[in-house]
Amino acid sequence: MDGTKESDLITAVLMYAIRCLAEGDQAALRNMNFGPREIEALREMNLADLY
């Protein structure tokens, strides 16, 4: 599956956000304007969602 530059960027940001969540880096998530709803959505994501 070929991606666009934009889809590659979105995937990278989501992967970063998921890592921040896993590591408990709430400050980084706040800096990206992730609130409670976005954090809950990250928790519910799976690999298929990124693909």
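Helices here are DSSP runs (H or I, at least four residues), numbered from the N terminus, and buried denotes under 20% relative accessible area, exposed over 50%, and partly exposed in between (1.4 Å probe, protein chains only). The model is a predicted one, in which local features need pLDDT of at least 70 and side-chain atom pairs count only at pLDDT 80 or more, while totals for chains, interfaces and linings use all residues. Residues are numbered from 1 along each chain as its sequence is written, and side-chain values use heavy atoms, with hydrogens and water left out.

Helix α1 covers residues 5-23, 19 residues in total, and reaches 27 Å from its first C-alpha to its last. This is close to the expected 27 Å at 1.5 Å a residue, the expected span being 1.5 Å times one less than the number of residues. The buried residues of α1 are Ala17, Cys20 and Leu21. Viewed down the axis of α1, these buried residues fall within an arc of 100 degrees, so they line one face of the helix; the arc is that of the directions from the helix axis to the C-beta atoms. The face of α1 turned away from the buried side carries the exposed residues Lys5, Arg19, Ala22 and Glu23.

When neighbours within four places in sequence are left aside, Ala17 is in contact (heavy atoms within 4.5 Å) with Leu29, Met32, Phe34 and Leu42.

Val13 also lies in helix α1, where Val13 is partly exposed, with a relative accessible area of 34%. Its C-alpha atom is separated by 9.5 Å from that of Met32, 19 residues apart along the chain.

Gly24 follows α1 and has a positive phi, near 75 degrees. Asn33, found in the loop between α2 and α3, has a phi near 60 degrees, a positive value in a residue other than glycine. Most residues other than glycine have a negative phi. Asn33 is exposed, with a relative accessible area of 66%.

Terms used:
Helix = DSSP H or I, 4+ residues; strand = E, 2+ residues; numbered from the N terminus.
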